[in-house]
Amino acid sequence: MKRAKPQEIKTKALIIGGGIAGLAAATVLEDHGEDYILVDEYPFMGGQYLRHREEYIPRDTETRKQGFALLEKLKGKENIWTSSLVFGCYNGNGEKAVAVSKDGRVFLIKPEKIIVATGAREKFLPFPGWTLPGILSVGAVQALVKTSGTLPGKEGIFAGTGPFLLAAAYEYEKAGGRVLGIFELNPLAKLLKFLPHALDKEKFKEALRYLRLLWSRMKFGWKVERAEAEGEKIKVVMSKGRARKTLVGDFLATGYGFSPNTEAAQICGCEVEYKPELGGFVVKTGEDLNCGDGVYACGEVTGIGGARKSLIEGKIAALSLLGKKDEKLLNQRKRELAFARSLNFVFSVPRDLWKKIPDDTIICRCEDVRMGDIKKVVEEGFSFLRELKETTRITMGNCQGRTCFPIVTEYLRAMGKKPEPMSIRPPLKPVETGIFVEGGET
Ligand SMILES: Cc1cc2nc3c(=O)[nH]c(=O)nc-3n(C[C@H](O)[C@H](O)[C@H](O)COP(=O)(O)OP(=O)(O)OC[C@H]3O[C@@H](n4cnc5c(N)ncnc54)[C@H](O)[C@@H]3O)c2cc1C
């Protein structure tokens, strides 16, 4: 067996992530005639916000219109790589080499500068039964509907927190499904604090469209108590104080906001900091979005704030990389950050709920670690993530903590412990072993 020789490529800039932030950065570099490569692990560019079916392009908001214009501009270019996963970054001879898995081979891209725009993933508040078939993430329901028009069932229940619940429920119902109820965890009185930010013209129009269709089925201050299978259906028990409500649907979609995907930035040498007001661990940057040593970060990785923040930050990061600055964009970013702080504060999970997760609830699906296992270790006096990993194997499974790390972080915080970042090492995500062997099967 012979080791495969990776193909080395030099470029001025590598952009990791082709969501709206990465696309905005790429377009700025394109306009300046700069040499760059943009890679995304998905088979399509556009990330979460611009996900769509071939035959239908939604241009329902100004930000989406701008996003699709970026996609159109970059379409078909050879330096735009889809199905290309960044799984490592190595330092040697004063340069960085970013390892990319593409077409069953390894490419080592040696960029002078890097822009990380790897977006976010969903967060969860586990409850007994949350790993059953029929319980999906809100993002999964939306992805099914947006990319193929497939419905996960005829009647769905949506529960969790955040405006994304409403957006996904709206898209599901417009595609032919029936929303039985939307259960927002936070009380209406708290959500009203978000109103000044929601009055922004674009966001207000979007929210109004959703509310017109779904308001009568929205409930506030309700939490998922448990879920169980009922034949082919799913039975969900909701609670609000002492009140209980049972619903039976084809599926339950849950989601509790987003958590930044900081791993690629960390492996490229950036630091992260814990900022609950921005969604959890975020990449630490200056105003110019530089996070040190020729690396820049933009979009959801610097704080959960939505597509418009990502669009603005993509432009700022690319301009900074070119040694330029645009005051107007920097001011727009400040406004988006204020929106982000309000969003993450209002749609947060009350701290005591993390402590109330029942002991037999699965927290790490990959390694089958239950809440009781974690509580026991913490009660014994262990408080660092490293210790929890060693004793329970939490965050050590196939998904490398993507789902359970934010849950454990919030639990430890609720227990008065200091949140710690995960240590990151390659491969960032599982890759086929065949890519490392000459002529290897993948
Ligand atoms: C499931 C989901 C659905 C969402 N839907 C909506 C919505 O409908 N409306 C809305 O306003 N907001 C939505 N959001 C919020 C969304 O994050 C932002 O609005 C917007 O998409 C952020 O843009 P971005 O470019 O920062 O990140 P993203 O759009 O997430 O793009 C990041 C890109 O980086 C790529 N990537 C990540 N890691 C790697 C790697 N190691 N190698 C190569 N590529 C990598 C991903 O494949 C992805 O395409 C959603 C978020 C999630 C998680």
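# A first look at this predicted model

Before going on, a word about the ground rules. This is a predicted model, so local features need pLDDT of at least 70 and side-chain atom pairs count only at pLDDT 80 or more, while totals for chains, interfaces and linings use all residues. Residues are numbered from 1 along each chain as its sequence is written, and side-chain values use heavy atoms, with hydrogens and water left out.

Strands (E, at least two residues) and helices (H or I, at least four residues) are DSSP runs, numbered from the N terminus. Two strands pair if DSSP finds at least two bridges between them.

## More about the strands

Back in the antiparallel sheet, β13 (residues 233–240) joins β14 through 7 bridges. One spot to look at is lysine 240, whose bridge partner in β14 is alanine 243.

Another open sheet has 5 strands, lined up as β8-β15-β9-β10-β11 with parallel pairing. Its edges are β8 (135–137) and β11 (218–220); each has a single partner strand, so one side of each is left without a neighbour in the sheet. Here, too, the twist averages 20 degrees from one strand to the next. Inside this sheet, 3 bridges link β10 (residues 178–184) to β11, and the two run parallel. Isoleucine 182 has methionine 218 of β11 as its bridge partner.

## Around the ligand

Now for the ligand. There are 31 residues around it, and Asp40, Gln48, Gln142, Glu300 and Ser310 come nearest. To count as near, a residue must have a heavy atom within 4 Å.

By type, this shell splits into 12 nonpolar, 13 polar and 6 charged residues. Nonpolar takes in Ala, Val, Leu, Ile, Met, Phe, Trp, Tyr, Cys and Pro, charged means Asp, Glu, Lys and Arg, and the others, Gly among them, are polar.

At least two shell residues come from each of α1 (20–31), β4 (85–92), β7 (120–122), α3 (138–148) and α9 (307–321). The largest share is from α3, with 3 residues. Domain 1 (7–120 + 259–345) and domain 2 (124–256) each give at least three residues to the shell; the domain bounds come from an automatic or database assignment.

The table lists some polar contacts, meaning pairs of N or O atoms within 3.5 Å.

| Residue | Protein side of the pair | Distance from a ligand oxygen atom |
|---|---|---|
| Alanine 21 | polar backbone atom | 3.0 Å |
| Tyrosine 49 | polar backbone atom | 3.3 Å |
| Serine 310 | side-chain N or O atom | 3.0 Å |

Taken alone, the ligand exposes 970 Å², and the protein buries 93% of that. Such areas come from the Shrake-Rupley method with a 1.4 Å probe.

Most residues other than glycine have a negative phi, and most peptide bonds are trans. Asparagine 93 is not a glycine, yet its phi is positive, at about 50 degrees. Asparagine 93 sits in the loop between β4 and β5 (95–102). The peptide bond from proline 426 to proline 427 is cis, with omega near -5 degrees. You'll find proline 427 in the segment after α14 (404–414).

Technical notes: A polar contact is a pair of N or O atoms within 3.5 Å; within protein, one must be able to donate a hydrogen and the other to accept it, and residues adjacent in sequence count only if both atoms are side-chain atoms. Axes are lines fitted to C-alpha atoms, for helices over the stretch in contact, and angles run from 0 to 180 degrees between N-to-C directions.
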